[in-house]
Amino acid sequence: LLFIPKFSSSDPGNVDTLSVGKKALHPHIFRVDYEWSKVQPQMGAPLTWDKEDDRGIANVLAAGAKPAVTLYGGQGWMNGCPAGRNEGNRNCSARSKPPRGLSGEWSPESGYDRAYYEFVKAFVGHYKGKLALIAIENEQNSESFFYGSSEEYGKLLRTAYKAIKETDPDVRVTDGGVVGGLLGTCIGLEWESEGKPRQEII
């Protein structure tokens, strides 16, 4: 798995850059960020598949690799925030916030939020057979990335999983991982006990 820092939603890279990375490191998968609020900026508007995140996916495919997509809700009509991060409002300053339609009861048809379910289903249907995996949000325990509770994240993940597997059962689904140094410390201690050089551990 290769992630190029320049390759982001604000600068989705280019085929030449990706091809160089692929030839040098031989990865089969590139990480790509994808945000709901960008492809459907207004409630009820048709989803558009020509935004910067879509160009990022197109470039990965053109380089002969598969995208590993981190799927964000983002900020917008779906959660009552202005489009994009709003640093002046803590509730809307994270990369994503749970959609306000999350209900307390599970629906066999659409999970916990129909709008989110329909977005994920449409996204996966559009790129069916082309995605390596989909991570739901990023570092969801960090308020910088996800401003919501663990219960809300669980509902979001379960709804996304339902939509994804109904549309393309072969796509792997993961959570967004967690931020924190504990896991890295544990791995480092294990490597140290195995006699690996300190520089390699660092």
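The model is predicted, so local features need pLDDT of at least 70 and side-chain atom pairs count only at pLDDT 80 or more, while totals for chains, interfaces and linings use all residues. Residues are numbered from 1 along each chain as its sequence is written, and side-chain values use heavy atoms, with hydrogens and water left out.

The protein contains seven helices and four strands. Helices (H or I, at least four residues) and strands (E, at least two) are DSSP runs, numbered from the N terminus. Along the sequence, their order is α-β-α-α-β-α-β-α-β-α-α. Of the 202 residues in the protein, 42% are buried. Buried means under 20% relative accessible area, exposed means over 50%, and partly exposed lies in between (1.4 Å probe, protein chains only). The accessible surface of the protein is about 10,700 Å². Carbon and sulfur atoms account for 53% of that surface. These areas come from the Shrake-Rupley method with a 1.4 Å probe; for residues, only the protein chains shown count as cover. Contacts (heavy atoms within 4.5 Å) were also sorted by sequence separation. Among those between residues at least 6 apart in sequence, 66% join residues at least 24 apart.

Strand β2 spans residues 66–72 and includes L71. L71 is buried, at 0% relative accessible area. Leaving aside residues up to four places away in sequence, L71 touches Y34, F119, V120, F123, I134, A135, I136 and E137. One of these partners, A135, is 64 residues from L71 in sequence. The C-alpha atoms of L71 and A135 are 6.0 Å apart in space.

The structure holds nine salt bridges. A salt bridge is a side-chain nitrogen of Lys or Arg within 4 Å of a carboxyl oxygen of Asp or Glu. K38 pairs with E52 in one of them, with the closest N and O atoms 3.0 Å apart. K38 lies in helix α2 (residues 36–39) and E52 in helix α3 (residues 52–62), so this pair ties together parts that are 14 residues apart in sequence. K38 is partly exposed at 22% relative accessibility. E52 is partly exposed at 26%. K38 also forms a salt bridge with D53, where the closest N and O atoms are 4.0 Å apart. D53 belongs to α3 and K38 to α2, so the pair ties together parts 15 residues apart in sequence. D53 is buried, with a relative accessible area of 2%.

E118 is partly exposed at 43% relative accessibility. R114 is partly exposed at 46%. R31, D33, E35 and R95 are linked in a network of salt bridges.

Helix α4 packs against helix α5 (residues 150–167) at an angle of about 35 degrees, and the axes are 8 Å apart. Axes are lines fitted to C-alpha atoms, for helices over the stretch in contact, and angles run from 0 to 180 degrees between N-to-C directions. The crossing of α4 and α5 is right-handed, meaning that the near helix is turned clockwise from the far one by less than a right angle. From α4, the contact involves Y116, Y117, V120, K121, V124 and G125. From α5, the contributors are L156, T159, A160, K162, A163, I164, E166 and T167. The contact residues comprise eight nonpolar, three polar and three charged. Ala, Val, Leu, Ile, Met, Phe, Trp, Tyr, Cys and Pro count as nonpolar, Asp, Glu, Lys and Arg as charged, and the others, Gly among them, as polar.
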